[in-house]
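Let's walk through this structure together, taking one region at a time. Please have the sequence and the 3D view open side by side.

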Amino acid sequence: MTVVLSGIQSSGRLHLGNYFGAIRQHVALQQEPGEHLYFIADYHALTSSRDPAELRDNAREVALTYLALGLDPARATLFRQSDVPEVCELAWLLACVTSMGLLERAHSYKDKVAKGLKPNVGLFTYPVLMAADILAYGSTVVPVGKDQQQHVEMTQDIAQSFNHLYGPCLTVPQPRIPSEEHLAKVPGVDGEKMSKSYGNSIWIFEEGKLLKNAVNRITTDSRPPEEPKDPSSVLLLRFLELFLPADEFAQWCERVRAGGAGAPGYGHLKLRLIEAIEATFGPARARRKHLLENPAEVERVLAEGGTHARAQARATVDRCYRACGLR
Ligand code: AQP
């Protein structure tokens, strides 16, 4: 059976990269046959969060975001990672078959350290906990953005090591990355990968003046509108590509490339982008507001999801315990 699973860290408000790289696929995939599980990675968020109230609020925000954007609890299980403590048990079993060298090669860890972050052990072993999350439910498909591809490949390695030592206990999953580059790695307002921790993101539900301010932060340059430009050198176009139908996007690119009197200035591109963001997320924004006023409804979804997920994880952990000699 197909088991689709993915998770999102509750380390801040979710951004356009999380939407186009991950959540949009998750919502679309729930229509396909099989089991669908999505979790709020609050254990993972603890690698960077130090404020208990903020951690709780961020977890609730991930739930609100998924539900507002169309995740249907009747089709997909939504749950908090920490409601399934079995993943920590499994993570230990997996850590004992994982080489230091594998973790030392993680791009995401190396990037964060290179950006000056002081790493803790939790951040270093993040891929092992992620492997436990994936393997606990027998996941076959893991839809993620490009930045998480390596972590899913590490999960494959870790599952294979465990199975090699103890027999076929764990299902080896496959990553599913959006095939188009502009969706797989959405840029931030500075042109680097959009990331909660890099201060370069645009919140999915931003509106009004705050949305205008966010779009104004997208890097531009001093070239005048009439100067012909390579569209790939205009960051605003990379944002517009996410939202506009292909034919309209091609027309904007053509006008930028041609330059001259009819060419749009950066201000025009920004206005069109704000309009497109408002139109894309307006209905979901209204659903989020409704859910905000009904916290019991959100809590009920998470509690039911947690109970369902936990039973599956328990069965996997018990199987692995027996295989490696702990029972
Ligand atoms: N810029 C992005 N483009 C495409 N996909 C992205 N994703 C994240 N950023 C982009 C995808 O969103 C899912 C959830 O990611 P996450 O929040 O759990 O962790 P992350 O990948 O580390 O995202 P951030 O924003 O960079 O978080 P922080 O800064 O807290 O580490 C994943 O499927 C991811 O690929």
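What follows looks at the surroundings of the ligand and then at a pair of packed helices. Keep in mind as you go that this is a predicted model.

Zoom in on the side chains here. Lys-196 places a side-chain N or O atom 2.3 Å from a ligand oxygen, while a polar side-chain atom of Ser-195 is 2.4 Å from an oxygen atom of the ligand. For Lys-112, the distance from a side-chain N or O atom to a ligand oxygen is 2.6 Å. On its own, the ligand would expose 640 Å², and the protein buries 97% of that.

Now turn to the helices. Two packed helices are described by the angle between their axes and the distance between the axes. For H4 (residues 86–95) and H8 (residues 126–136), the axes come within 8 Å and cross at roughly 115°. The crossing is right-handed. On the H4 side, the contact is made by Val-87, Leu-90, Ala-91, Leu-94 and Ala-95; H8 contributes residues including Val-128, Leu-129, Asp-133 and Leu-135. The residues of this contact comprise 11 nonpolar, no polar and one charged.

Terms used: Residues are numbered from 1 along each chain as its sequence is written. This is a predicted model: local features need pLDDT of at least 70, side-chain atom pairs count only at pLDDT 80 or more; totals for chains, interfaces and linings use all residues. Side-chain values use heavy atoms; hydrogens and water are left out. Axes are lines fitted to C-alpha atoms, for helices over the stretch in contact, and angles run from 0 to 180 degrees between N-to-C directions. Helices (H or I, at least four residues) and strands (E, at least two) are DSSP runs, numbered from the N terminus. A crossing is left-handed if the near helix is turned anticlockwise from the far one by less than a right angle, and right-handed if clockwise. Contact means heavy atoms within 4.5 Å. Ala, Val, Leu, Ile, Met, Phe, Trp, Tyr, Cys and Pro count as nonpolar, Asp, Glu, Lys and Arg as charged, and the others, Gly among them, as polar. A polar contact is a pair of N or O atoms within 3.5 Å; within protein, one must be able to donate a hydrogen and the other to accept it, and residues adjacent in sequence count only if both atoms are side-chain atoms. Accessible areas come from the Shrake-Rupley method with a 1.4 Å probe; for residues, only the protein chains shown count as cover.
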